[in-house]
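Here is a friendly walk through one protein model, with the cut-offs spelled out along the way. Have a look at the sequence and the fold before reading on.

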Amino acid sequence: MTTHTEAEIASQPSCWQRAVENIPADALPQPGERVAVVGCGTSWFIAMAYATLREQAGLGETDAFAASEAPLGRSYDRVLALTRSGTTTEVLDLLGRVDAKTTAITADPNTPVMTLADQVIVLDYADERSVVQTRFATTQLALLRASLGEDLTKAIADASEAVASPLAAELVEAEQFSFLGAGWSVGLAQEAALKMREASRSWTEAYPAMEYRHGPISIAGPGRVTWMLGTAPEGLRQQVEATGGTFFETSLDPMAELIRAQRVAVARAFARGLDPDEPMHLTRSVILSS
């Protein structure tokens with residue numbers, strides 16, 4: 001029987017296509033605005049990716065923060081809040097206290113975020129039944145990338161490949177993973193590591209690729225995987241392989257490569273007798289009592 005998580009992972013190419021065809025440009029950050037992007041958990045990592053892409057596109061200063069750590073004293077033109085559930089305590093608290101224009105992206109139109117944000121984008125078609133967030137995260141990033149003028153044709157084709165391609169046994173059986181990214185894919189590396197922890201309780205870490213040699217590479221070795229999302233720095237593969245570790249890298253768009261990591265996380269959960277739909281110690285939304 002297919003789990004909710006598996007079905008949601010497989011639906012990502014079609015969700016991305018729908019997102020890029022329906023961009024509510026008037027609700028998203030405008031060129032020249034100084035923007036803070038906030039979220040918790042997965043949404044924070046997606047915020048990191050978008051912030052880097054927006055600055056690289058020359059559209060304005062863009063910072064990404066965990067909602068609980070956002071510096072309210074700074075001057076921003078807009079705060080963009082990412083929240084699948086629309087109920088996360090730290091995000092709602094922040095929206096209630098900022099003076100800037102606010103936009104939220106959510107999956108549920110029947111939640112408090114609808115009245116706390118000035119503008120709301122609802123991606124209800126990408127909502128999920130699983131606690132583990134997969135397609136909502138990547139669908140909102142697809143929307144945000146397209147809003148920056150990116151052509152996601154290759155990314156969507158790559159996503160279809162990532163959904164269908166066989167998984168290498170060495171990934172499913174590995175003892176440890178270090179996910180690496182560069183630029184905007186640093187956030188995706190963090191998200192890949194989080195998916196492994198959530199779904200399969202795997203030992204995972206994540207770093208900017210150029211930082212990996214400044215200490216973390218000491219963990220590489222036989223049975224351990226260094227997984228690059230994007231293009232690796234010259235010589236890094238050789239250094240990892242010299243330790244006896246596995247270096248994994250493909251030519252897929254990093255967002256599509258994240259899909260492969262999601263699938264590996266599910267496969268590892270099954271191998272360990274875990275239910276990826278109901279990860280241990282987690283709930284769909286973190287709602288803190290006052």
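Arg145 sits in helix α6, which covers residues 135–147; helices here are DSSP runs of H or I with at least four residues, strands are E runs of at least two, and both are numbered from the N terminus. The model is predicted, so local features need pLDDT of at least 70 and side-chain atom pairs count only at pLDDT 80 or more, while totals for chains, interfaces and linings use all residues. Residues are numbered from 1 along each chain as its sequence is written, and side-chain values use heavy atoms, with hydrogens and water left out.

Is Arg145 buried or exposed? Arg145 is buried, at a relative accessible area of 4%; buried means under 20%, exposed over 50%, and partly exposed in between, with a 1.4 Å probe and protein chains only. Leaving aside residues up to four places away in sequence, its contacts (heavy atoms within 4.5 Å) include Glu150, Trp184 and Asp253.

Now to the sheet. Four strands form an open sheet in the order β7-β6-β8-β9, with parallel pairing; two strands pair if DSSP finds at least two bridges between them. β7 (203–208) and β9 (246–248) are the edge strands, each with a single partner, so one side of each has no neighbour in the sheet. On average, neighbouring strands are turned by 20° against each other, direction ignored; the axes are lines fitted to C-alpha atoms, for helices over the stretch in contact, and angles run from 0 to 180 degrees between N-to-C directions.

The pairings compare as follows:

| Strand pair | Bridges | Sense |
|---|---|---|
| β6 and β7 | six bridges | parallel |
| β6 and β8 | five bridges | parallel |
| β8 and β9 | three bridges | parallel |

Helix α11 (residues 254–271) packs on this sheet, where it touches β6, β8 (224–228) and β9, and its direction makes about 155° with that of β8.

Phe177 stands opposite Thr204 in β7, Leu180 is partnered by Met228 in β8, and Trp227 by Phe248 in β9. From β8 the chain crosses through helix α10 (residues 236–242) to β9 in a right-handed β-α-β crossover; right-handed means that, with the strands pointing away from the viewer, the path from the first strand over the helix to the second runs clockwise.

How many of the five residues of β8 are buried? Five of the five are. Arg224, Thr226 and Met228 point one way, and Val225 and Trp227 the other.
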